[in-house]
Amino acid sequence: MCFTRLTMSPHILPPIFTHHRGKYDVDYFEYLVKVFHKCKQYGFKCFIDPHQDVWSRFSGGSGAPLWTLYLAGLDPSCFPQTNAALVHNLYEDPENFPKMVWATNYNKLAAATMFTLFFAGSTFAPDCIVDQMNIQDYLQTHYIKSYMALAEYITAQNGIEDDVVIGYDTLNEPSAGWVGTEDVTKFPHHQELKKDSTPTPLQAMLLGQGFKQTVEFWVTTFFGPKRKGSKTIDPEGVTAWLSKEKRDEKDKRFGWKRSSNFPEADKCIWAHHGVWDISTQQVLEPEYFSKDPQTGEKYDFDTRSFLPFCRRYAQAIRTIHKAAIIFLEPPVNELPPSLPPPHDDDDVAHFDITSRVVYAPHWYDGLTLLNKRWNFFNVDYLGVKRGRYPNYAAAVKIGEKAIKECFRTQLAYIKEEGQEAIGMHPTLIGEIGIPYDMNDGKSYKPNGNYKDQIKAMDANMYALESNHLNFTLWNYCPDNSHKWGDQWNGEDLSLWCKDDLDRDPRRLTKKSSQASFSSDSFSLHKVGSDNTMAPSSGVQDQAPTATAPMSSSVLSNLKESPVHLSVPQLSSASPSSSFSSSSKSLSSSASSDQRLLQDSGSTPDSKFPHPDLGGRAVLAFCRPFAQKVAGIPLELSFSLKTVTFKFSFRRTRMVEPGDASNPLNSPRPGKITQPTVIYLPRMHFPCAEEYLSSLEPAAAQQSKKDAACSVTVSGGHWKWGDDGQHLYWWTDDDDNDESEDGPSEGSKWRNAEDDDNDVFEITVVGKKWSGNSLDSNRSGSGGGFWSAISQCCRIS
């Protein structure tokens, strides 16, 4: 199915996660409902992602509102001086904000304090009582109530709950804060990422209190973080904690009543709780966060903090959305928490986290993400973290084949770990993606290309496909630009960019008047008034009947603001792709009977660009896959280099629902009547000529072209769907109805004997052409293959 991970973005969550007065942004709720109805119109389902990064935009990330920091007594205006957080818009040189340094904020004072309070405040900050409630309960209660309010609003709408919104993520990329830190004078064991100025927890506390500290300075290398000297930070007495005057003002504004034992204003709450002494600047309890201060027992974050929160959250959501699926997301790269077996009691199971749950971890190719560069080697980072290698050097993988296998193995680890800990529940990789601003933005130059991005994305997709994993790609960002990327901390992972709208690689012309698709004769043209484009007729299986010019003014308007494009009938973009959206996210699966997205307002005179316009490295993520399978999938692979798709499954036989011999619709031996449906994007299948010529005025045709690709099946029969992008494959040869379930005039068929063990295989070989080929040795004029063609890869 089409699946979207819909984030409550940095600009949106604060009005929802509001203070104790219980006021919510109803205008935003109404906007969301409109989005949900649009999703329904387009055939999308989604799950809600309560999105945050390093707690809040005010602590260098996104998510929680400003008042949560005030509640803890923190003063965000002093974070830069005290190194409590690195905030992009407050950085001295925002255009040169260090690559991916934002994630180091998880271990700085502001975010580490907030996550410690959120998950374990009642244990480690027992004196932080507000309105007769520990700060942990206060924060969690308001967090959960905000999403309960959203769930109630969704439930009140007709046709949204379950039809569109099927579930809720627990919390994006949660952190344990300092919980579990064995020695505050040393780096926590979970702090793999070290970059720029890197204080220990104790140094972070001292800096927050205004004391000068000399901290380690780290850089990122191809083999991971490496120390490169030290740096002295002097806050000059400025503290990261609210003064008494400021705190009193905040308390009055929000109506808070702090207990008499609440830590003193302008003082570190951890010094108050005995971790260190302000007068001597010495540590008192280095192991404070590793054990329960009251009992001395080792503190386990999963069992005492994370799972209780997830249960509380799931139970609250399910009091409203009864069938909600809970997407359980642990801290990044950490082992998942162990869940007990599902309850036998249906009433208990309905509310428990052990039922209707999806394991939803994140995974990124860290080396490429941090360095923003695709290399001929990579590192099995997860293998190192799990102790499978003695060091990073032993985990180095060299060459494309080895890198792909390395990625496949890491995702296999993740899937296996989830099944062992959580049970045989589905696994969905909630975030996976690549940076597009590789090599210092080389791709954005006039003659740039997305060659490296295509290779990186192809390796990621291979790893997902090989493990039969569900996923949502990060991300779709409608205001992405070449200069500022995703408009957030220098990240640039959006699959679409408005700055690529004026580069249409399919405006392909030959020096002569006759069209050609040879790499020798390609020339790329800027989209403008001298180029034409087939308008949107809305329906996928109709041929274009007219063309209309796309003026430069239309293009200019598109580039100036976020766009919502209507979809022409000959897009190669999968109608089954799933998007993880944000202002900052896409995956794969869909219904075979879904038509391409339609805009009810489009007309033959509409001047909309092709939906691939603005897309980046589309040919790498627009891939074939089995949308519906009449059995159990076994193997799936797609080679971008040879344009070859292979798929196999083990057939299962079921009686039809409602059959008199099967009143309870239980699985029993019977006759298969439904086909396996395979999506084969026009970009790769059936031929480049049809894909390209469909966009040229002179090539508009009413007749359907024959497929120009080879299909081989081990048994059964098949035919192309009317849209030319779906193949229907039956494995019972006697299901020959004159409909979707059987032959029809003009269909292509192959017949074969049923396999004895009911395992069926299909191989589809597409057509290599200059727009989807990765053959770097291909010759051509005009500067060679990549100089003439790779801009095709920017978009197509």
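**A walk through the rings and the core**

Start with the aromatics: there are 47 aromatic pairs here, counting Phe, Tyr and Trp rings (the six-membered one for Trp) whose centres lie within 6.5 Å. This is a predicted model, where local features need pLDDT of at least 70 and side-chain atom pairs pLDDT 80 or more, while totals for chains, interfaces and linings use all residues. Numbering runs from 1 along each chain as its sequence is written, and side-chain values use heavy atoms, with hydrogens and water left out.

Select Tyr-436 and Tyr-450. Their rings sit 5.9 Å apart centre to centre with 80° between the planes, an edge-to-face pair (planes over 60 degrees apart; under 30 is stacked, the rest tilted). Tyr-436 is in the loop between strand 15 (428-432) and helix 15 (438-441), and Tyr-450 in the loop between helix 15 and helix 16 (451-466), so the pair ties together parts 14 residues apart in sequence. Helices (H or I, at least four residues) and strands (E, at least two) are DSSP runs numbered from the N terminus. Both tyrosines are buried, meaning under 20% relative accessible area (1.4 Å probe, protein chains only).

Next, pick Arg-258: it lies over the face of Phe-262, 4.6 Å from the ring centre. Then show Lys-404, whose charged end is over the ring of Tyr-462, 5.6 Å from its centre. The rule here is NZ of Lys or CZ of Arg within 6 Å of the ring centre and within 35 degrees of the ring normal.

Finish at Phe-36. Colour its contacts (heavy atoms within 4.5 Å): leaving aside residues up to four places away in sequence, Phe-36 touches Leu-6, Cys-46, Ile-48, Ile-154, Ile-160, Val-164 and Val-165.

Terms used. Buried means under 20% relative accessible area, exposed over 50%, partly exposed in between (1.4 Å probe, protein chains only).
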